[in-house]
Amino acid sequence: MADFGLYEYQEEVVQRALRGENIIIWLPTGGGKTRAAVYVAKKHLENNPGAKVAVLVNKVHLVDQHYNNEFNPYLGSDYSLVSISGDCDQKDFFGCEVKNSDLVICTAQILENALTNQEEGKHVELSQFTLLIIDECHHTHKEGVYNKIMARYVAQKLKGERRLPQILGLTASPGTGGAKSIKGAVEHVLQICANLDSVIVSSKVYAPELKKKVPRPRKRFDIVDRRPQDPFGDHLKFMMQFIHDFMALGPEFPVREFGTQEYEADVVILEKKGKSSSQNRLLAQCALHLRQYNDALLINDTVRMVDAFRVLESYYSTKSSTAMDGTDFFLLGLYQENEVELRKLSGDARFENPKMGKLQNTLLEQFVQGGHSRGILFSKTRKSICCLYDWVSNNPALQRAGIRAAILTGAGNGINYMTQNEQKDTIRNFRLGSLNLLISTSVAEEGLDIPECNLVVRYGLLTNEIAQQQASGRARASDSVYSVVAQAGGREVRRELLNECLEDLTGRAIGEVQRMEPRDFQMKITDLQTEALLTRQLAEQLKLKKRSRFNAATVQLSCRGCFLPVALGHDIKVIENAHHVNINPDFERYYKTGGQPALKTFEDWEPGRVISCAACGRQWGMEMIYKNIALLPILAIENFAMETPEGRKLAKKWKNVEFTITTR
């Protein structure tokens, strides 16, 4: 193994995998799990003629990273390798690519789609693979795509199927699953082992070498005092209370503190109550506007006052053209009457968010003293990272320090999302050094390997111990800094300290699992697998029963913004097992079209224009041009209410509706 460049602790953890056993490698971030997996894959291909390996990742950017940095340099000259993600054409013929390759690296969703797609050239079976490497395998739980794949594996295993691939899981952070006791944490680790049908291994003999080779960044809390005065925030709260008085809810709806996640949850319940009750549009609309004000308060607490004001300004810029009744005119009038005062307050530097000054000092300390510094600034939402990027880009002190920043968000549609190619370009530029600061959501927490990164800042974040460990692990350079910028006495500091305890609890739980007698461990794993299989079967039966609760012809869809009836359930069909479209030609008179969404053209269809309610302007979805023949509206059910024989129903996703939708 010496010619492969493995450390002794890596050699230690791969031994059972080299013997063909299913294992989970637990090493800290930066500990070389991927390099160890490359070595296992190499030996597996050498020793098993006709072997076929699949490497599964949970983030698009990790496909290229693993291919370019690890697997291709060591295996590319001797074996046929292919990398496949959602943006490449090979995914459309995944079955053919697997057949013609020795090793395939792909997002887990690509494999899941191929397992369910029965079309020739696209379909694959698990039995076609001899080794399955699962990166960040702690995600193998609940309804995650890793667990869907492994649920098939476990079901086949319990039926006695022998032609199943060897499993190699990789993780730095199994976590405790929310448990705060050793018993609960052990149960969680055992469940992960059961889901992956694997034992969990870590370095014992060479643990001192591991600690020496993988130093942790220096952690510090950059604490700032609470803002002494907040007239902008106080004015927003005054306006919110005015709306509450207008709603006249009564004592059965107690109001929690404005500007908190708890209050946001209350407002969501109010909106659902308004939209599920008999035409209570007043309650539903007030709740929607209150949520915007609460978002503004949260932004005001995270970034600048002007950022919070711009969110409200943008929201209300379109409301005057869609006002329908007295409730709309009251809410619009309230904002318009206070707009000038809000604008004035948001520009008063005396009351600016003090966390911004502390964040500036944290960044300057690292970038001024080290001309080659590279850092990642983590924040919670896409809105907040866009605001932070604007602040960094227009901050003279940060620009003089040579900070070259870019945003990194998850792939998707919409103004605050990125395409997969944009993600790749941003990460490549950061890796090369033309960018030296990524401002990111959680998309960069896991797996991103930039050896030169020497600063990680967590700003306004409340996350679990897994996210904390993963974010900390992005600081790979020697003498790195892991900074938590937070308010004195705030929840962020308390959560960070709790996460440190949970990280320790995870280690102790893994130790207990590793000390179990092999026979007891296997019995426990089989019991958990059998229980999970029965639970899934029961859940599927309940889903089927729920989907056929109402006849589609008896369900009426109405706009969730104005409650105008616009369609019947039997107008909805599923195309390509994914897109829910309305095939009734009369439907087009209920909607208007807008701009073009930022989407690429797909194999059988291309995006058309955004569609929204002709009466109230609520966005419904978009058109699709299907096979260059039909123009069909794709609808998101979250934008509609369903009038059923048992009253009004709401759903976030089509899979939750209670009538059968047929495939077209």
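**The whole chain**

Start with everything selected. This is a predicted model. Colour by secondary structure: the protein chain has 20 helices and 23 strands. The C-alpha atoms fill a box of roughly 75 × 65 × 50 Å.

How does the radius of gyration agree with that of a compact globule? A compact globule of 664 residues would have a value near 26 Å, and the protein chain has 27 Å, so the two agree.

Switch to a surface view. Of the 664 residues, 52% are buried.

Now show contacts. Take those between residues at least 6 apart in sequence: 69% of them join residues at least 24 apart. Colour by charge next. The protein chain carries 84 positive and 80 negative charges, and their mean positions lie 2 Å apart.

**Stop 1: the cysteines**

Select the cysteine sulfurs. How many disulfides does the structure hold? The count is zero. Go to Cys386, which is in no disulfide. Its nearest cysteine sulfur belongs to Cys387, 6.9 Å away. A disulfide here would need sulfur atoms within 2.5 Å.

Move on to Cys96. This cysteine is also partly exposed, with a relative accessible area of 35%.

**Stop 2: Tyr482**

Select residues 481–487. This is strand 13, and Tyr482 sits in it. Is Tyr482 buried or exposed? Tyr482 is buried, with a relative accessible area of 2%.

Leaving out residues up to four places away in sequence, Tyr482 touches Pro217, Arg218, Lys219 and Arg220, among others. The list also includes Val456, Arg458, Gln468, Ala471, Ser472 and Glu496.

Then draw a distance to His289. That residue is 193 places from Tyr482 along the chain, and their C-alpha atoms are separated by 37 Å.

**Stop 3: Gln366**

Select residues 354–369. They form helix 14, the place of Gln366. Gln366 is buried, at 6% relative accessible area.

Which residues does Gln366 contact, apart from its neighbours within four places in sequence? They are Ser373, Asn454, Leu455 and Val481. Pick Leu455 and draw the C-alpha to C-alpha distance to Gln366. It reads 7.4 Å, across 89 residues of sequence.

**Stop 4**

Most residues other than glycine have a negative phi. Here are two residues with a positive value.

Select Glu136 first. Look in the loop between strand 5 (131–134) and helix 6 (145–158). Glu136 is not a glycine, yet its phi is positive, about 50°. Glu136 is buried, with 5% relative accessible area.

Go next to Asp197. Where does Asp197 lie? Asp197 is in the loop between helix 7 (182–196) and strand 7 (199–201). Its phi is positive as well, near 50°. Asp197 counts as buried, because its relative accessibility is 14% and buried means under 20%.

How values were computed: Residues numbered from 1 in each chain as written. Predicted model: local features only at pLDDT ≥ 70, side-chain atom pairs only at ≥ 80, totals over all residues. Heavy atoms only, no water. Helix = DSSP H or I, 4+ residues; strand = E, 2+ residues; numbered from the N terminus. Rg over C-alpha atoms; globule rule 2.2 N^0.38 Å. Buried < 20%, exposed > 50% of the residue type's maximum accessible area, 1.4 Å probe, protein only. Contact = heavy atoms within 4.5 Å. Lys, Arg positive; Asp, Glu negative; His and termini not counted. Charge placed at Lys NZ, Arg CZ, Asp CG, Glu CD.
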